Amino acid sequence: MTEVPHTYAEWVNITDKLKSRTNDEEILNAMKQGTIEWQTGVAERFLKKLADVINSRMNMASDKFQKTISRPNTEEREIVQALLALRKEMAFLADAVDLPALPENERSQYKQLVISQACKMQSSLEESARKDRSGKLLTIVRNHKVNKF
């Protein structure tokens, strides 16, 4: 069982686990129950650490998606699975920054950043899919949006 974080050191430990994708649901549950003393210095370091972890996970998810779809002869079901995995990761990250330990302003700001990134990804995917003359890829991308969570 993952320990519920209350100190900055405990939060660093749990965000490291979050970054390594170790038991996501258990980590998220502990994070949702966690608290932190919101004081100058600690708050800034904590927010930077959390942002770094979220950015790292978004980059890993994007890289994994690109690797999957850039393989030659990628089948439609593989593209759909990759899109759904990317959507699932973005939804998880939006939930992971919606922490009761954060002040409401920071919570909404970080959640909006994740949602905004998912919308940018979707827009970029649609733009790239327009190059497919058959139109099939664009249909797949539009039917399995990564920003619908």
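Me: If helices (H or I, at least four residues) and strands (E, at least two) are DSSP runs numbered from the N terminus, which helix gives the most to the lining of the second largest pocket?
Reply: Helix 5 does, with 4 residues, while helix 3, helix 5 and helix 6 each supply at least two. The model is predicted, so local features need pLDDT of at least 70 and side-chain atom pairs pLDDT 80 or more, whereas totals for chains, interfaces and linings use all residues. Residues are numbered from 1 along each chain as its sequence is written, and side-chain values use heavy atoms, leaving out hydrogens and water.

Me: What makes a residue part of the lining of the largest pocket, and which residues lie nearest its centre?
Reply: On a 1 Å grid over the protein atoms alone, a pocket is an open set of points where a 1.4 Å probe fits, with protein on both sides within 12 Å along at least five of seven lines, and a lining residue has an atom within 4 Å of a point. The largest pocket has 15 such residues, of which Arg 21, Ala 85, Leu 86, Lys 88 and Glu 89 lie nearest its centre. Helix 4 provides the largest share of this lining, 7 residues.

Me: Why is the contact between Asp 52 and Lys 48 called a salt bridge?
Reply: A salt bridge needs a side-chain nitrogen of Lys or Arg within 4 Å of a carboxyl oxygen of Asp or Glu, and this pair meets at 3.0 Å, N to O, so the name applies. The two residues are 4 apart in helix 3, and are therefore separated by about one helical turn.

Me: How do you know whether Asp 52 and Lys 48 are buried, partly exposed or exposed?
Reply: Buried means under 20% relative accessible area, exposed over 50%, and partly exposed in between (1.4 Å probe, protein chains only). Asp 52 has 39%, so this residue is partly exposed, whereas Lys 48 has 52% and is therefore exposed.

Me: What makes the pair Asp 98 and Lys 111 a salt bridge, and what does it tie together?
Reply: Their side chains meet at 3.7 Å, N to O, in a salt bridge. Asp 98 lies in the loop between helix 4 and helix 5 and Lys 111 in helix 5, so the pair ties together parts that are 13 residues apart in sequence. Elsewhere, salt bridges that share partners join Arg 21, Asp 24, Arg 57 and Glu 89 into one network, and the structure holds 14 salt bridges.
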